[in-house]
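Colleague: I am new to this structure and would like to go through it with you. Please show it, and I will ask as we go.

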Amino acid sequence: MSDGKVYPVKEAAKSRALVDKDQYMAMYKESVDNPDAFWGEHGKRLDWIKPYTTVKNTTYDRNNLSIKWFEDGTLNASVNCLDRHLAERGDQTAIIFEGDDPADSRHVTYRELHQETCKFANALKSQGVKKGDIVTIYMPMLVETAVAMLACARIGAMHSVVFGGFSPEALGARIKDGGAKWVVTADQGVRGGRPIPLKKNVDAALNNPEVSTVEKVIVVKRTGGDIQWQEDRDVWFHDIMADASVDCPPEEMSAEDPLFMLYTSGSTGTPKGVLHTTGGYMVYASMTHEYVFDYQQGDIYWCTADFGWITGHSYILYGPLANGAITLLFEGVPNYPDSSRIGKVVDKHKVNVLYTAPTAIRALMAEGDQYMKQSSRESLRLLGTVGEPINPEAWEWYYNVVGDERCPIVDTWWQTETGGILISPLPGATDLKPGSATLPFFGVQPALVDSDGNVLDGATEGNLVILDSWPGQMRTVYGDHERFILTYFSTYPGTYFTGDGARRDEDGYYWITGRVDDVLNVSGHRMGTAEIESALVAHPLVAEAAVVGYPHDIKGQGIYVYVTLNHDADPSDELKTELVQWVRKEIGPVASPDLIQWAPGLPKTRSGKIMRRILRKIAANEHDSLGDTSTLADPSVVEDLIEYRENA
Ligand code: WT7
C-alpha cells in the first residue's frame with residue numbers, strides 16, 4: 001500500500017508553534033528516557049495546593065497492576081480551570097455559546113463561569129452532595145452543563161455524564177451501575193430545531209424499579225416545554241441557584257482522587273464506567289490541548305463534540321479551560337438550518353481551530369462544496385479530526401475545501417480510556433500524510449504486537465499496544481477492577497492493549513486500521529456488538545441475533561444485524577421496522593441498525609461460538625473470501641445466509 005502524498009510542515013505553523021521537528025524529537029526522547037523528570041517538570045503547568053514530590057509510580061504487571069501519578073500532590077480541577085485565571089483574564093471570554101438557533105449566542109467570561117460554578121457547587125451541597133458522591137448529568141450542550149461538571153469537580157463529587165441521545169433504558173443502566181442519588185437534566189434539549197425530551201426520559205428511566213437510588217432530579221429550564229413534575233424529587237436549577245452563595249471554597253483533592261467516570265462500550269457485557277482521576281488527567285488534557293492545537297492566548301477554539309463523550313470532557317472543557325482558552329460550545333448540529341452551518345459559525349465567531357469528526361466531514365462533503373463556500377473561513381488556522389480513521393478522500397476535502405489548503409490537519413488518535421490524545425501530528429513539527437495519525441505524543445510508547453504478543457519492529461502491521469503509562473490513563477473500571485485488568489492488561493501481558501489494529505510505515509508513522517475486537521465505531525460513536533445483540537434478543541419474537549459492522553460511506557461503519565426469529569414469527573418488513581425502533585428504544589438512535597437480515601441459522605463453531613469473521617464478510621458482500629469454514633458445525637448455514645443476503 002502506498003502512503004500517498006506528504007504535506008510538509010507549513011512555515012506559518014512552524015513559526016508560531018511551541019515545538020518544531022527537532023524540539024519534538026528531543027522532548028519525546030526525554031519523555032520516554034526520563035519520565036519522572038519530564039512529567040515532574042510539566043506537571044507544574046497546574047496549580048497544586050500541595051506540590052507533589054513523587055511523579056510516576058506505575059506498573060503494567062497484571063498481578064500487581066498499579067497506575068499512580070503525582071500521588072502525594074493535592075489540587076482542585078475547577079480551581080485550575082477557573083480561579084487561577086481570574087486575576088489575569090477574569091473578564092476574558094471562557095465559553096462562547098452558540099445555540100441551536102443561529103440567532104442565539106452569548107459569551108461567558110471566566111469570572112461569570114467561576115461565579116456560576118461556585119453557586120451551583122453550593123446548590124449541590126444543599127441537595128446533600130458530598131465529596132466522593134456520583135452525580136449523573138444528562139444534559140444538552142449548554143453552559144449549565146459545563147457549570148454542573150465544574151461544580152462537581154469543585155466539591156470533589158464525580159460526574160457521570162450520559163449522552164443526551166441515549167434512551168431511558170441506557171440512562172437507567174448507567175445510573176444503576178454507579179448508584180447515583182442525583183441527576184442533573186433539562187426540561188428539553190433542542191437540536192436541529194426539534195425538542196429532545198430529556199426530563200421525560202429521566203422520568204422513564206427512574207420509573208424502572210431497578211433504578212432506585214436517585215433522590216433528587218435537578219432540572220434546567222431550557223425550552224419551558226411541558227413536563228411532569230414529582231414534588232418530592234424534582235427541583236429547578238434556577239430555584240436552588242437563586243439563593244446559593246457565590247463563595248465556595250474548593251475541596252482539596254489528592255491527585256489520585258476520582259474526577260469523573262464515563263461509560264463506554266467494550267467487546268462484551270454492559271458498558272464500562274471508565275474512571276479518571278484528578279492530577280494526571282488534568283496535566284495530560286491541558287498539555288495535549290496546548291501542544292496538539294498549538295493553543296495560544298486569544299485563539300478561538302471550537303471542538304464540535306458533545307459533553308457526553310470523552311472528547312467533550314478533555315477538549316471542550318478541562319483541557320481548554322485549564323489553559324485559559326476561549327472554547328466554543330455548540331448546542332446544534334452541522335446540518336441545521338442547513339449544511340453551511342459549521343462554516344458560518346466559524347465566520348461568526350472568528351474560529352481559529354476547528355476540531356471535528358470524520359463522519360461529520362464526510363456528511364458535509366456529500367452535500368457538495370457550495371455549502372462550505374458560503375463562508376470565508378479565513379480565521380481558521382488549524383483543523384483537527386478524531387473518532388475513527390479518516391479516509392484520504394475526506395482528509396483531502398477537509399484540507400482543500402474547509403481549510404483552503406492553508407491549515408494543517410491534526411488527526412488525533414485516542415480513546416475514552418486514554419483521557420487525552422496519544423498519537424497525533426503537532427502542527428509545527430510533523431509532516432502530514434492523509435489518513436495517518438502520525439507519531440506519538442510525549443511520553444507515549446506505542447508498539448505493534450502479533451497475535452502471540454511478540455513486539456514487531458520496523459514497517460509492519462499488528463495489534464496496537466502501549467508499553468508504559470502516561471498521566472491521562474484511566475485508573476479502573478468503576479466497581480470492577482478485575483474487568484479493568486482483564487480487558488486492558490491481560491491480552492498482551494505487560495502492555496496496555498488498545499483494541500485497535502494499526503500499521504506502521506517506514507517513517508514510523510502509525511495508520512490506525514480500526515478495532516480488532518467486537519466493538520463498532522458508528523459515526524465515531526462506540527458500541528459493543530454484545531449490547532445491540534442483547535437488546536435484540538430481549539424482543540419476544542427474536543430467538544437469536546448477531547451484530548457486525550460493515551463499510552458505510554458516511555458513518556464509517558454501519559450496523560448489520562442477523563436475526564433468527566422464533567418459529568411462529570413472520571419475517572416481514574414491518575417486523576424489521578419494529579426491530580429498528582426496538583433497538584432505538586433500548587439503547588438510543590445511535591444504535592439504530594442500518595440493515596437487518598433474516599438468518600435461518602447463524603454460523604457457529606462446534607463449541608457454539610458465532611463466527612463473526614464470516615458474518616462480516618457476508619455483510620461486506622465479500623462472499624469469495626470467507627476463509628476457512630471447516631470448523632463450522634453446519635457449513636450449509638453460510639450458503640443460506642449468502643442467498644438471503646442476495647435477496648435482501
Ligand atoms: C476508538 C475510541 C477519542 C475520542 C473519540 C472516540 C477510534 C479514535 C481515531 C483516529 C482512527 C480513531 C479507535 C479507538 N479512533 N480516534 N484519529 N483514527 N481511529 O473515543 O469512543 O473511546 O473510541 O475510536 O478505534 O479505539 P472512543
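Colleague: Which residues does UniProt place under the feature "binding site"?

Modeller: This is a predicted model, in which local features need pLDDT of at least 70, side-chain atom pairs count only at pLDDT 80 or more, and totals for chains, interfaces and linings use all residues. Residues are numbered from 1 along each chain as its sequence is written. UniProt positions are given in that numbering, feature names are shortened, and annotations may be inferred rather than shown by experiment. The unreviewed UniProt entry places "binding site" at Val537, His539 and Val542.

Colleague: Is Val542 buried or exposed?

Modeller: Val542 lies in strand S29; helices (H or I, at least four residues) and strands (E, at least two) are DSSP runs, numbered from the N terminus. A residue is buried if 20 or more other C-beta atoms, placed from the backbone, lie within 10 Å of its own, exposed if 12 or fewer, and partly exposed in between. Because Val542 has 20 C-beta neighbours inside 10 Å, Val542 counts as buried.

Colleague: Which residues is His539 in contact with, leaving aside its neighbours within four places in sequence?

Modeller: His539 is in the loop between helix H17 (529-537) and strand S29 (542-552). His539 has 19 other C-beta atoms within 10 Å, so it is partly exposed. Two residues are in contact if their C-beta atoms, placed from the backbone, lie within 7 Å. With neighbours within four places in sequence left aside, the contacts of His539 are Leu579 and Trp582.

Colleague: Which residues come nearest to the ligand?

Modeller: A residue is near a molecule if its C-beta atom, placed from the backbone, lies within 6 Å of it. Around the ligand there are 23 residues, and the nearest are Trp413, Gln415, Thr416, Ile512 and Arg526.
The elements giving two or more residues to this shell are helix H11 (310-322), strand S20 (409-412), strand S25 (496-504) and strand S26 (510-515).
To return to what you asked, the nearest are Trp413, Gln415, Thr416, Ile512 and Arg526.

Colleague: How many of the 11 residues of helix H7 are buried?

Modeller: Helix H7 (residues 168-178) is mostly covered. Its buried residues include Leu171, Arg174 and Ile175, and what covers the buried residues of H7 includes strand S6 (134-138) and helix H8 (198-207).

Colleague: Where is Pro337?

Modeller: The peptide bond from Tyr336 to Pro337 is cis, with omega near -5°. Pro337 is in the loop between strand S17 (326-330) and helix H12 (341-349).
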